[in-house]
Amino acid sequence: MTGVMMQYYEVCERELWFLSRDVEIDRANPAVVRGTHVDESAYDEKRRNFSIDGTIALDVLDSGQVVEVKPSSSLVEPAKLQLLYYLWYLDRVVGVEKSGVLAHPTERQRETVELTDENATRVEDAIRGVHAVVTSDSPPPAEEKPFCESCAYYDFCWSC
Amino acid sequence: MDRNYHVFSDGRIERNDDTVRLVTEDGEKKYLPVENAEALFLHGQIDYNTRLVSFLNDHGVAMHVFGWNDYYAGSIVPKRGQTSGQTLVEQVRAYDDPERRRDLAAKFVAGSIHNMQTNVQYYDNRGHDFGPIRDRLDACRSALDDAESVEEAMGVEATARRAYYSTFDEILPEEFVFGGRKYNPPNNEVNSLISFGNSLVYANVVSAIRATALDPAISYLHEPGERRYSLALDIADLFKPLLTDRVVFRLVNRNQLTTDSFESELNSCLLTDAGRKTFSKAFEETLERTVEHPRLDRKVSYQYLLRMEAYKLKKHLLTGEEYVPFERWW
């Protein structure tokens, strides 16, 4: 289970199901281009990318904190869940305790995130939730959400 | 959506630094902007090398080759950016299930008939009396519900298209005698136009399918392997009335193409180079036309409708959600 799956689970379960089935995203989508650019250019010198067990890929700052970079704070909870999943994975699977930073460089905002008991429960519920979605034969039906139009699956989802 | 570039002259096409250059036989050089190209259509005798193919591959540009008699000869398409085993498995599953295959085949035919109806209705409102033809097409549409096999659906399609084509002799001026569909080779001007137009539709559908991870050889209405990209035949049928036929009517009725635009030899009749240019220009303009999409809430080009059709089919195959064929809604 990857970090992105966690994020999608919180944003849109249908999107998560598409991701799990290798439905190609529209890479020319402006939001995708922007996200990739912000991710590749932010904190470039101060962070290192780690791949763990071939499942999760996360970035760690010089300070030792795990960092998740997002272009905007509009979908803060999904990003937070993704980061919490990394912290949970490090703590419960790898056995390393870390704290995290949620960063929105374009808005010059940072927020510290800790793996509390409550947050750990939230991650574990989400893991079960992701599993249920990706093992289902069909995706949840399309549902109009405020951010649909910026989704890379928008045309795929709504062309009918 | 990016645009297509058609090359009619003979010569050589090559990579020149970071552009594509066409050098014609008389030494003239032209540059094709590769950044906003969807595909190159080669109609003349063109030399090219592997360096060009790699360069086009890097830019995701397809190359469609047309041979003698305007026959579609093949495509060199970019190596797939993404493949999806899951998509192929689902595609084959639907093919292998007689009920699902029949349903999909019937959907393609239903959409095609609807789009033929739209053209007939347009001319029925403009001084022609096509009431009887419209009735026959309606009857075909109903007969489709009883079609129990792919073969029967295919039969209904053939009947509908014959009825539809019978309107062409009335829509077009006297000197353009049609008298029914003939190809390999086309025997008159109208057949030659339809053949050329349909091969352009087909090549554009090949590009559209390539933008998804669908396998172009697994099809439902046509038999897989009937031609290499038989899925493109299934989808192209839906769009021929919108793209090919409307362009034929427009160019001929406005005298932009006359009988002088064709060359006849032995039993075949083909467009001249000038005629081909006129046709493909009008065809490209048609692809660039836009229409308000009711669900996406924005304007989409006719060319993008082809891409969306591939998306819709793929969505049906992966999710089981109903596939609704393209039916002109405006």
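Predicted model: local features only at pLDDT ≥ 70, side-chain atom pairs only at ≥ 80, totals over all residues.

User: Why are helix 1 of chain A and helix 5 of chain A called roughly perpendicular?

Analyst: Helices are DSSP runs of H or I with at least four residues, strands are runs of E with at least two, and both are numbered from the N terminus. Helix 1 (residues 3–11) and helix 5 (residues 117–134) of chain A have axes that come within 10 Å and cross at roughly 85°. Axes are lines fitted to C-alpha atoms, for helices over the stretch in contact, and angles run from 0 to 180 degrees between N-to-C directions. Under 35 degrees counts as roughly parallel, over 145 as roughly antiparallel, 65 to 115 as roughly perpendicular, and the rest as oblique. The pair is therefore roughly perpendicular.

User: Which residues of helix 1 of chain A meet helix 5 of chain A?

Analyst: Contact means heavy atoms within 4.5 Å. M5(A), M6(A), Y9(A) and E10(A) in helix 1 of chain A meet residues of helix 5 of chain A, including R122(A), V123(A) and G129(A). By class, this contact of helix 1 with helix 5 of chain A has nine nonpolar, one polar and two charged residues. Ala, Val, Leu, Ile, Met, Phe, Trp, Tyr, Cys and Pro count as nonpolar, Asp, Glu, Lys and Arg as charged, and the others, Gly among them, as polar.

User: How do you know that C12(A) is too far from C157(A) for a bond?

Analyst: A disulfide is a pair of cysteine sulfur atoms within 2.5 Å. The sulfur of C12(A) is 6.5 Å from its closest cysteine sulfur, in C157(A), so the two are too far apart for a bond. Over all chains, the search finds zero disulfides.

User: What makes C12(A) and C269(B) buried or exposed?

Analyst: Buried means under 20% relative accessible area, exposed over 50%, and partly exposed in between (1.4 Å probe, protein chains only). C12(A) has 18%, so C12(A) is buried. C269(B) has 1%, so C269(B) is buried as well.

User: How do you know that strand 9 of chain B and strand 10 of chain B pair?

Analyst: Two strands pair if DSSP finds at least two bridges between them. Strand 9 (residues 262–265) and strand 10 of chain B have four bridges, in the antiparallel sense. E265(B) stands opposite S268(B). Two residues lie between the strands of this hairpin, where L266(B) takes a positive phi near 50°.

User: Why are D53(A) and N184(B) called exposed?

Analyst: D53(A) has a relative accessible area of 55%, so D53(A) is exposed. N184(B), at 54%, is therefore exposed too. D53(A) has a positive phi of about 55° although it is not a glycine. For N184(B), also not a glycine, the positive phi is about 60°. The peptide bond from N184(B) to P185(B) is cis, with omega near -10°.

Conventions: Residues numbered from 1 in each chain as written. Chains lettered and ligands numbered in written order. Heavy atoms only, no water.
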